[in-house]
Amino acid sequence: MLNIHAEIESWPIQGRFVIARGAKTAAEVVVATIHDNGHTGRGECVPYAHYGETPQSVLSAIRSVALKTADRDELAALLPAGAARNALDCALWDLQARKSQRSVSDLLGIEPPRPIITAYTLSLGSPQTMADAARRAADRPVLKIKLGGTQDAACLAAVRDSAPDATLIVDANEGWHQRDLQQLLDQCADLAVALVEQPLPVDADAALRNIKSPVPVCADESLHIIKDLEAIADRYDAVNIKLDKAGGLTHALELKAEAQRLGLSVMIGCMVATSLAMAPALLLAGDAAFVDLDGPLLLARDRKPGLTYRGSLIEPPPPGLWG
């Protein structure tokens, strides 16, 4: 039987992270550690209240698991997709890499992570606040702006004015209403927005079938696992794949392959978390259309060793972090 340990950690955020559903000042994560014959593997996840998760519920779920071997199929049979399974799945990959003295990319037979540009997220705020934030980040090539408030049109215009050369991604976090959708999408097109994420609530996104969007639209909250693709493939142009939603690297790889087979563009995304949560996701990022793995950049401090960010360029994970 593998020895599994888990604990809750709190990592302070620089200022506040604000989206349409609320604000937070700390990233509450759960770290799973698996020990086996002198070897240790780690994985990090972010419990998400919007999906019915709390740090304590995820901690309890991890601690309830009894794994006889490092068998990811056994893990998938014990836990549903979600944060708890993600932490354990990533810990199993890390454990296997350390036991075999091979990288996870080598075990998977895929290209190792390479330096890659991530989007940088601007929290939802007033037009002036967002303009100021965009001006400070104007040298970053890709900005992801959180919308879903009452002044979205003004906020979007203010950000574009402050960062005229940046590629813009808009993330509404289900915060738009169908009555405003066409007008907002048209404004996004006018301001050369590259992608709009989850404009409508999950239970209302069927309306996207009847919208002729001038900007590619990406599913986030509407996509967790492979079976979700059947329902959304005719509504969206792209999908945001996150390890916490998919339940780990194993199933995120399968989800990505199927999404690409269906002709959907792929974004590799994250929750606000430390480098330990970002490192496994980098294995998915190499050929993704968009990469949004800026979690550590939003924190007041990161774990050590952590990823190296040179501006918005993420270097491959250092030895000792993961995988």
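This is a predicted model: local features need pLDDT of at least 70, side-chain atom pairs count only at pLDDT 80 or more; totals for chains, interfaces and linings use all residues.

Residues are numbered from 1 along each chain as its sequence is written, and side-chain values use heavy atoms, with hydrogens and water left out.

Start at E44. It sits in strand 3, residues 39–45; helices (H or I, at least four residues) and strands (E, at least two) are DSSP runs numbered from the N terminus. E44 counts as buried because its relative accessibility is 2%, where buried means under 20% relative accessible area with a 1.4 Å probe, protein chains only. Its side chain makes a polar contact of 2.4 Å with that of T274. Another, of 2.9 Å, goes to the side chain of R303. A polar contact is a pair of N or O atoms within 3.5 Å; within protein, one must be able to donate a hydrogen and the other to accept it, and residues adjacent in sequence count only if both atoms are side-chain atoms. Beyond its neighbours within four places in sequence, E44 is in contact (heavy atoms within 4.5 Å) with residues including V30, N86 and A277.

A cavity is a set of points on a 1 Å grid over the protein atoms alone where a 1.4 Å probe fits but cannot get out; lining residues have an atom within 4 Å of a point. One cavity reaches 30 Å³ or more. Helix 11 gives the most, four residues. The lining has 11 nonpolar, two polar and three charged residues.

Now the pockets, each an open set with protein on both sides within 12 Å along at least five of seven lines. Strand 2 gives the most, five residues. By class, 14 are nonpolar, six polar and 12 charged.

The second largest pocket holds about 350 Å³. Of its 18 lining residues, Y120, T121, S123, A133 and R136 are closest to the centre. Strand 1 supplies the largest share, five residues.

Last, helix 10. Its 13 residues should span 18 Å at 1.5 Å a residue, and its end C-alpha atoms are 18 Å apart, so the two agree. After helix 10 comes G263, with a positive phi near 85 degrees.

Key: Buried means under 20% relative accessible area, exposed over 50%, partly exposed in between (1.4 Å probe, protein chains only). Grid points are joined across faces, edges and corners, and a volume is the space filled by probe spheres set on the points. Ala, Val, Leu, Ile, Met, Phe, Trp, Tyr, Cys and Pro count as nonpolar, Asp, Glu, Lys and Arg as charged, and the others, Gly among them, as polar. The expected span of a helix is 1.5 Å times one less than its number of residues.
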